[in-house]
Amino acid sequence: MKTGMAVAAFPTFARRVTIGGAIALFLSFVFMAPVWALEFKTSPEPLVIETGRGPASFVIELATTSKERSQGLMNRETMAADHGMLFDFGQTRAVMMWMKNTILPLDMVFIGPDGKVMGVAADTVPFSESIISSPGPVRYVLEINAGVAAEHGIAAGDTVIHPAVGVE
């Protein structure tokens, strides 16, 4: 009889373990998602912007695929002052960005296909879903920490030098 009772109780126990396991698995996906975030390629060459005040140099990560551009700097809590992310859209067009899920305030430097800075969106607001539009057709956007563009005097007309920029 005891064997029959143990066997009869097993399905209930198994259901609880299965449901508990499913919940634990779901929670691990939710809380570990940032661990599984995309790994971006860091360029071996610095990106240099020739400004009226002299060159400004940045170590950059490259966002060249649609998936990489969609993630960008979302969920990052820190970024070194001389670092940034270069988005290459693969073609010259109007670009619209936003700050959804982006913790860091950023400057967005809009760059034409020839490497000329077209404009800067300074001090963008973290977590904002407001659209930040390029000032015209661009191919690239460089995201750097907020205030860095002003600190270096980065402005429309400056020239960006990097092997990934100006390549058609």
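How many helices and strands does the secondary structure of the chain come to? The count is three helices and ten strands. Helices (H or I, at least four residues) and strands (E, at least two) are DSSP runs, numbered from the N terminus. From the N terminus on, the order is α-β-β-β-α-β-β-β-β-β-β-α-β.

This is a predicted model, in which local features need pLDDT of at least 70, side-chain atom pairs count only at pLDDT 80 or more, and totals for chains, interfaces and linings use all residues. Residues are numbered from 1 along each chain as its sequence is written, and side-chain values use heavy atoms, with hydrogens and water left out.

Start with the whole chain. It has 168 residues, and 36% of them are buried. Buried means under 20% relative accessible area, exposed over 50%, and partly exposed in between (1.4 Å probe, protein chains only). The accessible surface comes to about 9,700 Å². Carbon and sulfur atoms hold 63% of that surface. These areas come from the Shrake-Rupley method with a 1.4 Å probe; for residues, only the protein chains shown count as cover. Now take the contacts, meaning heavy atoms within 4.5 Å. Among those between residues at least 6 apart in sequence, 71% join residues at least 24 apart.

Next come the charged pairs. Side chains of opposite charge can pair when their charged atoms come close. A salt bridge here is a side-chain nitrogen of Lys or Arg within 4 Å of a carboxyl oxygen of Asp or Glu. By this rule there are two salt bridges.

One joins Arg-76 and Glu-61, at 2.8 Å from N to O. Arg-76 lies in the loop between α2 (66-71) and β4 (83-93), and Glu-61 in strand β3 (residues 54-63), so the pair ties together parts 15 residues apart in sequence. Arg-76 is partly exposed at 22% relative accessibility. Glu-61 is buried at 15%.

Asp-88 and Arg-139 form another salt bridge, at 2.9 Å from N to O. Asp-88 sits in strand β4 and Arg-139 in strand β9 (residues 138-145), so this pair ties together parts 51 residues apart in sequence. Asp-88 is buried, with a relative accessible area of 14%. Arg-139 is buried too, at 9%.

Which side chain of opposite charge is nearest to Asp-158? It is Lys-116, 8.0 Å away. Lys and Arg count as positive and Asp and Glu as negative; His and the chain ends are not counted. Asp-158 is buried yet has no salt bridge. It is found in the loop between α3 (148-152) and β10 (159-161). Its side chain reaches the backbone nitrogen of Ala-155 at 2.8 Å. Not counting residues up to four places away in sequence, Asp-158 touches residues including Ile-49, Thr-51, Gly-115 and Val-117.

Turn to the surface. Met-96, Trp-98 and Ile-131 form a nonpolar patch there, with about 340 Å² of accessible area together. Patches are made of residues with over 30% relative accessible area and no salt bridge: like charges are joined within 9 Å, nonpolar side chains (Val, Leu, Ile, Met, Phe, Trp, Tyr) within 5 Å. Trp-98 lies in the loop between β5 (96-97) and β6 (106-111). Its relative accessible area is 36%, which is partly exposed.

Last, look at helix α2, where Lys-67 has its place. Lys-67 is exposed, with a relative accessible area of 60%. Lys-67 and Leu-38 are 29 residues apart in sequence and 8.6 Å apart in space, C-alpha to C-alpha.

How values were computed: Polar contact = N/O pair within 3.5 Å; in protein donor to acceptor, adjacent residues only side chain to side chain.
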